[in-house]
Structure formats: structure tokens, C-alpha cells
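Student: I have a model open and want to learn how to read its features. Can we go through them one at a time?
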Amino acid sequence: MEEPTGRRTFLLVRARSWVCALPASSVVETMRPLSIDPVANAPRFVVGLSVVRGEVVPVVSLSSVLGGSERAEARRLVLVRAGERRMGLLVEDVVGTEEFDEKRLEALPPLLGAALPAEVERMGSLDGQALAVLDAARLLPADAFAALPDAASLSAESR
């Protein structure tokens, strides 16, 4: 939800030591994690596929996306919209929502941008702690999404 005043609303989530902000406009809903069917040969950050409200969506571990070698215990699933696609994002916790002035969210300088995961769009701060602003479209690249089994094959297997 982008405001004309340059303020945007974000859903704040926690993954390992990261506090991450997802634009509220890309968040569909949050819920408890659902049953997840593993997918062979998927990227390490793709946990599998899940059926959310009748739609098969890929489920991504945010801690793995951010470079964690092990998946942390996920207590929440955040359904996000990335263009025409939807995906589930496993997070340790949903912290809440926050509205930020765009001026507090800095674009990454080239040197810092090279050191951070590509999914981090901007950095900010919240109560003295670093805040990573994520772009939902970067969480699961289009080529990785296209390589996953389609909804018809999963639906057929689950019958």
C-alpha cells in the first residue's frame, strides 16, 4: 500500500538473526505452515509445494534464501504475490506491520549490495537493528519457478 506521502506499509518477519520487511502490497496472508510435498532437484531454498486455498504454490525457506545452511524452525507461512505468481514463505516469526518513510529506506551502495543476498532490495533500521527490505519477485527466480512441477501434476499425485 503505497501512500502519496512517500510512506509504505511493510510486514515485518524474522528469519534467523534477520528482521525483514515485505511490502504489504505483496502479502496475501499469513498462516500456520501447511503440509509440504518435497520436490526432487529443487534449489536448496525451495522446501516443496503446498496447497493453499486450492492453489498449488512453491514454499521457500527465508532462512535458506538469506544464506543459512540449515533451515530454522518455521512457525509461520506468509503467502506472497510476486507478479502473477504466488509462493509461500516460511519464516520463524511474524513481528508485525510497520509504516516507513521511503527516505529511511536506503538503496544499497554497490559495495554493500555485492555482499548481501540478491533478494535484499534496500536496507533500513528499526529500533537500532538492521532491517532488510525484500523484493518478493526476487525470492524465487522465474527460471526456478518454471522448473517446478505444475499444479496439475501435484493435484494428480494427491488424489
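Student: Which side chain meets Glu29 in a salt bridge?
Tutor: A salt bridge needs a side-chain nitrogen of Lys or Arg within 4 Å of a carboxyl oxygen of Asp or Glu. Here the side chains of Glu29 and Arg53 meet that way, at 2.8 Å from N to O. Glu29 lies in strand β3 and Arg53 in the loop between β4 and β5, so the pair ties together parts 24 residues apart in sequence. Strands are DSSP runs of E, at least two residues long, numbered from the N terminus. The model is predicted: local features need pLDDT of at least 70, side-chain atom pairs count only at pLDDT 80 or more, and totals for chains, interfaces and linings use all residues. Residues are numbered from 1 along each chain as its sequence is written, and side-chain values use heavy atoms, with hydrogens and water left out.

Student: Is Arg53 buried or exposed?
Tutor: Buried means under 20% relative accessible area, exposed over 50%, and partly exposed in between, with a 1.4 Å probe and protein chains only. Arg53 has 70% relative accessibility, so it counts as exposed. In the β4 and β5 hairpin, which has 2 residues between the strands, Arg53 takes a positive phi near 50°.

Student: How many salt bridges does a search of the whole structure find?
Tutor: The search finds 3. One of them joins Glu99 to Arg7, with the closest N and O atoms 2.6 Å apart. It links distant parts of the chain: Glu99 is in strand β8 and Arg7 in strand β1, 92 residues apart. Glu99 is partly exposed at 33%, and Arg7 is partly exposed at 29%. Arg86 also forms a salt bridge with Glu55, the closest N and O atoms being 3.9 Å apart. Arg86 sits in strand β7 and Glu55 in strand β5, 31 residues apart.

Student: What is the strand order in the open sheet?
Tutor: Two strands pair if DSSP finds at least two bridges between them. The open sheet has 5 strands in the order β3-β6-β7-β5-β4, with mixed pairing. β3 (27-31) and β4 (46-52) each have a single partner strand, so they stand at the edges with one side left without a neighbour in the sheet.

Student: Which pairings are antiparallel, and which are parallel?
Tutor: β6 (residues 76-82) and β7 (residues 85-91) pair antiparallel over 7 bridges. There, Ala82 has Arg85 as its bridge partner in β7. β4 and β5 also run antiparallel, joined by 6 bridges. β5 and β7 are parallel, with 3 bridges. Val60 has Leu89 as its bridge partner in β7.

Student: How many residues of β5 are buried?
Tutor: In strand β5 (residues 55-61), 6 of the 7 residues are buried, so the strand is largely enclosed by the rest of the structure.

Student: What does the side chain of Ser50 reach?
Tutor: A polar contact is a pair of N or O atoms within 3.5 Å; within protein, one must be able to donate a hydrogen and the other to accept it, and residues adjacent in sequence count only if both atoms are side-chain atoms. The Ser50 side chain reaches the backbone oxygen of Ser35 at 2.8 Å. Ser50 is in strand β4 and is buried, at 1% relative accessible area.

Student: How do I read an aromatic pair?
Tutor: It is described by the distance of the centres and the angle of the planes. Rings of Phe, Tyr and Trp (its six-membered ring) pair if their centres lie within 6.5 Å; planes under 30 degrees apart count as stacked, over 60 as edge-to-face and the rest as tilted. This rule gives 1 aromatic pair. The ring centres of Phe10 and Phe100 are 5.8 Å apart and the planes are at 55°, so the pair is tilted. Both Phe10 and Phe100 are buried.

Technical notes
Helix = DSSP H or I, 4+ residues; strand = E, 2+ residues; numbered from the N terminus.
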